[in-house]
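Here is a short report on one protein chain. The sequence and structure come first, then the reading.

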Amino acid sequence: MSRWRAATCRISAAAASRNAAAESRVLARACAKSPTVPPPPLQTLSRTFSNSAAAAAATSTATSRGPGAAAPASAGPRPEVRLNSMFLSKPCSLALPPDSPFRAADPQYEGIKRFMLTLLLFYSKQSKAIRGANVVYDRITSQVDALAIYDVFQLEKTFKTTFSLLVLHMWLVLRRLKEEGKDGVKFGQYIYEMYNHDVELRVSKAGVNLLLTKWMKELEKIFYGNIVKYDAAISAEARQDDLVNVIWRNIYAEEGSEAMDAAAAPAVQALARYTRREATCLSLTDKDAMFSGNFKFTLLPPTPSPSPKKPAR
């Protein structure tokens, strides 16, 4: 936990520092234009800058709606999701049906084009495996980046939570591929290489461009450490609440909060049930679907929001 907290805190701090520096430069140029007037405190400037940006955004939204459009009603608090009744259904295969629009098909060409692609090893076993791994990793990131997963499990979308959910779903897929023996392990290596490249891009996007190799090594240690913990928590010798505790420590817990928060317990338990169910569903998914990426994780229901009020006539 200490290594994870240190890495994520520094990544988040670097991103915050970059944003603060950019804002300071903007504010300094604004103050330099009126040297006779003493500049207000930095906190006041920050609030003014934020308020101006919010006002500009509101004006832009109103303009795009048009003069006769009604203003949208305030969203208000979202209704509570019934977490205690979720992910209790019987596990089933996650393979997509043959007529599903979400299926990925390997491109088939004829004539000279197919002949040239065959010479370039486009249809070789390795090329097909790499294309299948790309589809599988796309399934993982689609599930992790969807806003519904954060709403349902009551998580704030940060680098830490996104990375933690990414590791969790990578573990689910790699665990299933191990059941296919040597071929599954080799196929999983292709997925892991795509994962590494994606994480590097996510770290850079978070604002860390210096010592990137160092942070990637730290995140790699966290990745393997979490996988070992998940394997132990779902083994036959594990206790029923072991997975709940591991998910709490890996995804939910903050600095200095080792004991599970009672308010977060329903969400943590729901995520543990989701994890167990997805692991079983993937075990029921056939080899062809796993190697081609023609499967889809359980779709999470979007968090319901209050219906907007009708404008008064």
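## Helix H10 and its surroundings

Helix H10 is mostly covered, with 14 of its 20 residues buried. This is a predicted model. From first C-alpha to last, H10 reaches 29 Å, close to the 28 Å expected at 1.5 Å a residue.

Two residues of H10 deserve a look. One is arginine 273, which is found in this helix, residues 265-284. A polar atom of the arginine 273 side chain lies 2.4 Å from the backbone oxygen of leucine 83. Not counting residues up to four places away in sequence, arginine 273 touches Leu83, Asn84, Ser85, Met86, Phe87 and Leu88.

The other is glutamate 278, also placed in H10. Is glutamate 278 buried or exposed? Its relative accessible area is 1%, so glutamate 278 is buried; the cut-off for buried is under 20%. The side chain of glutamate 278 makes a polar contact of 2.4 Å with the side chain of threonine 298. Beyond its neighbours within four places in sequence, glutamate 278 is in contact with Leu94, Leu172, Phe297 and Thr298. Glutamate 278 and valine 173 are 105 residues apart along the chain, yet their C-alpha atoms are separated by 9.5 Å.

## The chain as a whole

The chain has 11 helices and zero strands. Read along the sequence, the pattern is α-α-α-α-α-α-α-α-α-α-α. Of the 313 residues, 36% are buried. Among contacts with a separation of 6 or more, 72% join residues 24 or more positions apart.

## Two loop residues with positive phi

Phenylalanine 87, one of the residues touched by arginine 273, lies in the loop between helix H2 (42-65) and helix H3 (111-119). Its phi is near 60 degrees, a positive value in a residue other than glycine. Leucine 121 sits in the loop between H3 and H4. Phi of leucine 121 is near 65 degrees, again positive in a residue other than glycine.

What does accessibility say about each of them? Phenylalanine 87 has 14% relative accessibility, so it counts as buried. Leucine 121 has 52%, so it counts as exposed. The cut-off for exposed is over 50%.

Helix H8 covers residues 212-233 and has 22 residues. The span of H8 from first C-alpha to last is 31 Å, close to the 32 Å expected at 1.5 Å a residue. The buried residues of H8 are Leu212, Trp215, Met216, Glu218, Leu219, Ile222, Phe223, Asn226, Ile227, Tyr230 and Ala233.

Tyrosine 230 has a polar partner. Its side chain is joined to that of asparagine 250 by a polar contact of 3.5 Å. Asparagine 250 is found in helix H9, residues 242-252. At 3% relative accessibility, asparagine 250 counts as buried.

| Side chains joined | Polar contact |
|---|---|
| Glutamate 278 and threonine 298 | 2.4 Å |
| Asparagine 250 and tyrosine 230 | 3.5 Å |

## The largest pocket

How much space lies in the largest pocket? About 600 Å³. Of the 20 residues that line this pocket, the closest to its centre are Lys125, Lys128, Ala129, Phe187 and Phe291. Which helix gives the most? H4 does, with seven residues. By class, the lining has eight nonpolar, four polar and eight charged residues.

Why does methionine 290 count as buried? Its relative accessibility is 1%, and buried means under 20%.

Leaving aside neighbours within four places in sequence, methionine 290 is in contact with Val136, Val173, Arg176, Leu177, Phe187, Leu282, Thr285 and Phe295. Phe187 is also among the residues closest to the pocket centre. Methionine 290 and glycine 184 are 106 residues apart along the chain, with their C-alpha atoms separated by 9.3 Å.

Terms used: Residues are numbered from 1 along each chain as its sequence is written. This is a predicted model: local features need pLDDT of at least 70, side-chain atom pairs count only at pLDDT 80 or more; totals for chains, interfaces and linings use all residues. Side-chain values use heavy atoms; hydrogens and water are left out. On a 1 Å grid over the protein atoms alone, a cavity is a set of points where a 1.4 Å probe fits but cannot get out, and a pocket is an open set with protein on both sides within 12 Å along at least five of seven lines; lining residues have an atom within 4 Å of a point. Grid points are joined across faces, edges and corners, and a volume is the space filled by probe spheres set on the points. Helices (H or I, at least four residues) and strands (E, at least two) are DSSP runs, numbered from the N terminus. Ala, Val, Leu, Ile, Met, Phe, Trp, Tyr, Cys and Pro count as nonpolar, Asp, Glu, Lys and Arg as charged, and the others, Gly among them, as polar. A polar contact is a pair of N or O atoms within 3.5 Å; within protein, one must be able to donate a hydrogen and the other to accept it, and residues adjacent in sequence count only if both atoms are side-chain atoms. Contact means heavy atoms within 4.5 Å. The expected span of a helix is 1.5 Å times one less than its number of residues. Buried means under 20% relative accessible area, exposed over 50%, partly exposed in between (1.4 Å probe, protein chains only).
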